[in-house]
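Please read it alongside the sequence and the coordinates shown here.

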Amino acid sequence: MFFHELEVKFLRILFAVMKMNRNIRTDLALEMRECLHDESDGKISGVEILVEEDQQLGATVTWVSVENETGAQAMGKPIGNYITLEAEAMKENDPLAHEEITKILARKLGQLHKLGENAVVLVVGLGNRYVTPDALGPKVCEKILVTRHMGDATPPELHGKLRGVSAIAPGVMGITGIETAEIVKGVAEKVKPDLIIAIDALAARRTGRINATVQISDAGINPGAGMGNRRQPINQATMGVPVIAVGVPTVVDAATLVNDTMDKMMASMAAALEGSADAAFADMLGNLQGDERYGLITEILSPGNMFVTPKEVDAVMNRLANIVAGMLNIALHPGVTQEDVNRYL
């Protein structure tokens, strides 16, 4: 039968897959933790996790803490805290839901890093403004309530409610010829901020998290890491001040997309073949570990190195920029509401 012929080929491929180098293309600590949990089937040393559910909003907030070098090596992430909010409403044109998401994110940012009343903050919008899925950082910078330059020009009703905030979108090295970290470092030496907040578009491994997830971390960021690029990190060690990274996954690599499709296909195949002579083959497919299957797909697609984004990304990016900018405006300026921000921008 057809499936029996495939079994022999499949076993040969599986043997080759076991020798492959499988790299997980994701910037999300939550996804790295999920992959490790699937492999270890239990607690991961040096990694703690806390999950909160908002049933009314349909949102999940996951706090992953990488506490020591053991956890950092296992996760492939620096020591620090990684807060991830997941909500399908982020994709939709739902202003009320977006307002609630903004407030939750602002509270979580406040929990992650306590700012003094007179703190100076530098917001950095990473990414390429000319490539829509990578334009989150520059779009957010356009919506930030910048105040460092205002001085005596501050409206009387806002006295004591604003912190000194400045924003910069340095572009990408392909356009400037300069490492982004070098630009940020130079600006920081002049501005002397107490905190740097870097915003960037990320890559995810789960298609369902595209444009529906926000990650906030106090461990800094390596621009382009999720896409395989190796740029200089932007973190406390390189900048000399604490760095908060805010990111939204806007792309997924093609191997991940195929892998998710295979999951659904194998589930349907197993149901269709249940009780038949070919059920064993379906079981063998189902028992293949996710990273093994992912490695096989990556090898087949190589050297394509393709990344995929939803077709409605233009509209979604504007909504995401509003959410992230709203979170920062509320969190950075004590006593300022979203209505105030809308009034003055």
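The model is predicted.

**Helix pair α4 and α12**

- The axes of helix α4, residues 95-112, and helix α12, residues 313-332, come within 8 Å and cross at roughly 45 degrees, and the two helices are therefore oblique to each other.
- The crossing of α4 and α12 is right-handed.
- On the α4 side the contact is made by His98, Ile101, Thr102, Leu105, Ala106 and Leu109, which meet Arg319, Ile323, Gly326, Met327, Leu328, Ile330 and Ala331 of α12.
- By residue class, this contact of α4 with α12 divides into nine nonpolar, three polar and one charged.

**Ile323 within the contact**

- Ile323, which has its place in helix α12, is buried, with a relative accessible area of 2%.
- Leaving aside neighbours within four places in sequence, Ile323 is in contact with Met90, His98, Ile101, Thr102 and Leu105.
- Ile323 and Leu105 lie 218 residues apart along the chain, while their C-alpha atoms are separated by 8.8 Å.

**Nonpolar cores**

- The largest nonpolar core has 43 residues, of which Ile216 and Leu328 touch the most other members, and the largest share of this core, eleven residues, comes from α12.
- Leu328, again leaving aside neighbours within four places in sequence, is in contact with Leu109, Val123, Val140, Ile144, Ile197 and Ile199.
- A second, separate core of 19 residues has among its members Leu126, Ala198, Ala204 and Val252.

Conventions
Residues numbered from 1 in each chain as written. Predicted model: local features only at pLDDT ≥ 70, side-chain atom pairs only at ≥ 80, totals over all residues. Heavy atoms only, no water. Axes fitted to C-alpha atoms, helices over the stretch in contact; angles between N-to-C directions. Helix = DSSP H or I, 4+ residues; strand = E, 2+ residues; numbered from the N terminus. Parallel < 35°, antiparallel > 145°, perpendicular 65-115°, else oblique. Left-handed = near helix turned anticlockwise from the far one by under 90°. Contact = heavy atoms within 4.5 Å. Nonpolar A, V, L, I, M, F, W, Y, C, P; charged D, E, K, R; others polar. Core = buried A, V, L, I, M, F, W, Y, C linked by side-chain atoms within 4.5 Å. Buried < 20%, exposed > 50% of the residue type's maximum accessible area, 1.4 Å probe, protein only.
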